[in-house]
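Open the model in your viewer and colour it by secondary structure. The stops below are given in the order in which to select them.

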Amino acid sequence: MRKSFFEELELSPEGYAVDLEPFMESLSWNDQGLIPVITQQYDSGEVLMMAWMNRESLAMTLKEKRVTYWSRSRQQLWEKGKVSGNTQRLIELRADCDGDTLLCLADQQGPACHTGRANCFYFRFCPQESQVVVSAGIPDPEDGHSQV
């Protein structure tokens, strides 16, 4: 039985390099051609958000160094911060050991969450207790709802 691309890399020494195209082709894209991406602030390690990339958004992110995702709700490319100004500059992109999830280390400018929060993980689950919002959103002065 032939080993997968990522199994073959398991024992590779530090600094071992592979070409981009076979690497991208070996990623585990789902049925919609997407892969999940966890984005962290590169210098603090704070987890900012989870989103999706397709091949085009991944290639654009690598080329432009501006993090671009695939919006499942809008069915289009979504360059983070292009409208809001809350941009993500790519520092480093990694794949996990199975090639089924990406980790994006980015320099986030402004809040990462559309609610105006620093990150999208502001709801804490507490077994046997009430569930808790751990940070407030920034209300839009015009309508009182969170800023987008």
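The tour goes from a sheet to a helix and then to a hairpin.

This is a predicted model, in which local features need pLDDT of at least 70 and side-chain atom pairs count only at pLDDT 80 or more, while totals for chains, interfaces and linings use all residues. Residues are numbered from 1 along each chain as its sequence is written, and side-chain values use heavy atoms, with hydrogens and water left out.

Start with the open sheet of four strands, whose order is β2-β1-β6-β5 with mixed pairing. Strands are DSSP runs of E with at least two residues, helices are runs of H or I with at least four, and both are numbered from the N terminus; two strands pair if DSSP finds at least two bridges between them. Select 47-53 (β2) and 88-95 (β5): these are the edge strands, each with a single partner, so one side of each has no neighbour in the sheet. From one strand to the next the twist averages 25°.

Next, select 55-64. This is helix α3, which lies across β2, β5 and β6 and runs at about 120° to β5. Axes are lines fitted to C-alpha atoms, for helices over the stretch in contact, and angles run from 0 to 180 degrees between N-to-C directions; contact means heavy atoms within 4.5 Å.

Finally, select 68-71 (β3) and 76-79 (β4), an antiparallel pair joined by four bridges. Tyr-69 has Trp-78 in β4 as its bridge partner. Which way do the β3 residues point? Thr-68 and Trp-70 point one way, Tyr-69 and Ser-71 the other, and all are buried (under 20% relative accessible area with a 1.4 Å probe, protein chains only; exposed is over 50%, partly exposed in between). The two strands form a hairpin with four residues between them, and Gln-75 in the turn has a positive phi of about 55°.
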